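Trainee: I would like to learn how to read helix packing and aromatic pairs. Can we go through an example?

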Amino acid sequence: MGKPTGFLEYERVDGPVVSEEARIKNFLEFHGMLDEEARRKQAARCMDCGVPFCQAGVMIAGMASGCPLHNLVPELNELVYKGRYEEAYRRLSMTHSFPEFTSRVCPALCEAACTCGHNGDPVSTKENEKSVIEYAYENGLVKEETSAVRTGKKVAVIGSGPSGLATAQLLNRRGHSVTVYERSDRIGGLLRYGIPNMKLDKSVIDRRVKLMEEAGICFRTSVNVGKDISADELKKEYDAVVLCCGASNPRDIKAPGRDAEGIYFAVDFLGKVTKALLDSDMGTETDDKASGSSVYTSAIAAKVKDKDVIVIGGGDTGNDCVGTCIRLGCKSVTQLEMMPKAPDVRLDTNPWPEWPKVCKTDYGQEEAIFKFGHDPRIYKTTVKEFISETVKAKDGSESKQLKEVVIQSLEPKKDEKTGRMMMVPTPGTEKTIPAQLVLIAAGFLGSESYVTEAFGVEVDGRTNVKTDPGCHAAKTAAEEKPSKKKAGNSCRIYTAGDMHRGQSLVVWAISEGRNAAREIDEDLMGFTNL
């Protein structure tokens, strides 16, 4: 290692973060970077541990430990410590498609498995990764590789999220002609419309997409495959089709009063907010110079301002909703989590290098604590009923507007048939609280049926597309199992990302896309050098 005693000499120091008071006034990214000298010290903390779980990407006790992309983390940190950023970028690019995305939104599986974190603070690998990729962009090092010779094979990628982009990148690099279809008006999928701008500035996506276009990848937006264009048309035109449509079927809350106006799925809500921001140039045309805040006047913003907001779900998406609503001027925000609060420190039953099952207070909760004086989360709680009131509009029409919600406490109870612990309602714990806006962030149930039905692919009990273990070729009703593509065979269907493995992380989606590209290339060409 560059400095074998670095982990003994230096304490962990994270990059600067904009204060809650300042950052809730806009939707700008708020994580900065350390200067060169400080960053090199942080990279020096990477110890000669012998067994770097940080890059293992293996499953331990049903949870991922280390990076699923198998980034060679110790090598990267050594190069950063020595100030050899160009070499660090080359090293990172060998295993990673888009470090600029994961260095902003990944929960850092590498750091959770860091040996240095076993008895102290882990190495700041995520921030080191960001420093490398941003240096590379600033110095013109980032270029999309293209093949001097085209293979004559054509591949359609359906969906432009992280798995679709990763698949397209590698297949285009190999020399195949790749077209990416996206049903939204802009490229990026979940990266664009599922993750708020303050976590991932959309210009970061645009600069990568521009490079991919220049490298020969064709992007077609506002095309909803399965509706605007048929699966049969694509099968006739392409040698392979890759379904990377995500797990975009949201889980609903089937409580009485669900038909009231003012109840939205979280990702739909976040997407509308981001679209409004992009369409209005991030609100800069209506900046309030006196307060330093941006004024957002879109229809979706009007639904939030001065409203009591309930967010159902305690995960990352729920947290994003909390932060977004605070920026849009909500009156109050409450986040309901059906599970018990996780412990503040690791339990003996959750040893390193397992993923740490501990309570995390994310940026949205931090901002709620600053704004309202308390943590917005209420644990072991769900919605029992939505209560609305009839409102008459000026034109005489009537609507049922959400007014309140009845919440109820939950307690864990073992199911006698399955033996699983279930969260069940506790009688007599009902409580009514005001709410004019409810955002459902209760997770997803898998892929949307109109796509899977259009392509005739089989799905499992969670509606993920079926494949053989470790493979990406989709199983169809016409065949018991997928077979290797032979010369002259009809178009094969593949899948990658959340549509394949279920709702997961951006880093897993990128890994899925890269693995799918290798499999497709081998099927098309008989071998692969990806």
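Trainee: At what angle do helix 8 and helix 11 pack?

Mentor: This is a predicted model, where local features need pLDDT of at least 70, side-chain atom pairs count only at pLDDT 80 or more, and totals for chains, interfaces and linings use all residues. Residues are numbered from 1 along each chain as its sequence is written, and side-chain values use heavy atoms, with hydrogens and water left out. Helix 8 (residues 125-138) packs against helix 11 (residues 202-214) at about 55 degrees, and their axes are 13 Å apart. That makes helix 8 oblique to helix 11 (angles under 35 degrees count as roughly parallel, over 145 as roughly antiparallel, 65 to 115 as roughly perpendicular and the rest as oblique).

Trainee: Which residues of helix 8 and helix 11 meet?

Mentor: Ile133, Glu134 and Tyr137 of helix 8 meet Arg207, Arg208 and Leu211 of helix 11. Contact means heavy atoms within 4.5 Å.

Trainee: How is a pair of aromatic rings described?

Mentor: One gives the distance of the centres and the angle of the planes. Rings of Phe, Tyr and Trp (its six-membered ring) pair if their centres lie within 6.5 Å; planes under 30 degrees apart count as stacked, over 60 as edge-to-face and the rest as tilted. The whole structure has 5 aromatic pairs. In one of them, Phe53 and Trp352 have ring centres 5.3 Å apart and planes at 75 degrees, so the pair is edge-to-face. The pair ties together parts that are 299 residues apart in sequence.

Trainee: What kind of pair do Phe98 and Phe101 form?

Mentor: Their centres are 5.2 Å apart and their planes at 40 degrees, so the pair is tilted. Both Phe98 and Phe101 are buried (under 20% relative accessible area, with exposed over 50% and partly exposed in between, for a 1.4 Å probe and protein chains only).

Technical notes:
Axes are lines fitted to C-alpha atoms, for helices over the stretch in contact, and angles run from 0 to 180 degrees between N-to-C directions. Helices (H or I, at least four residues) and strands (E, at least two) are DSSP runs, numbered from the N terminus.
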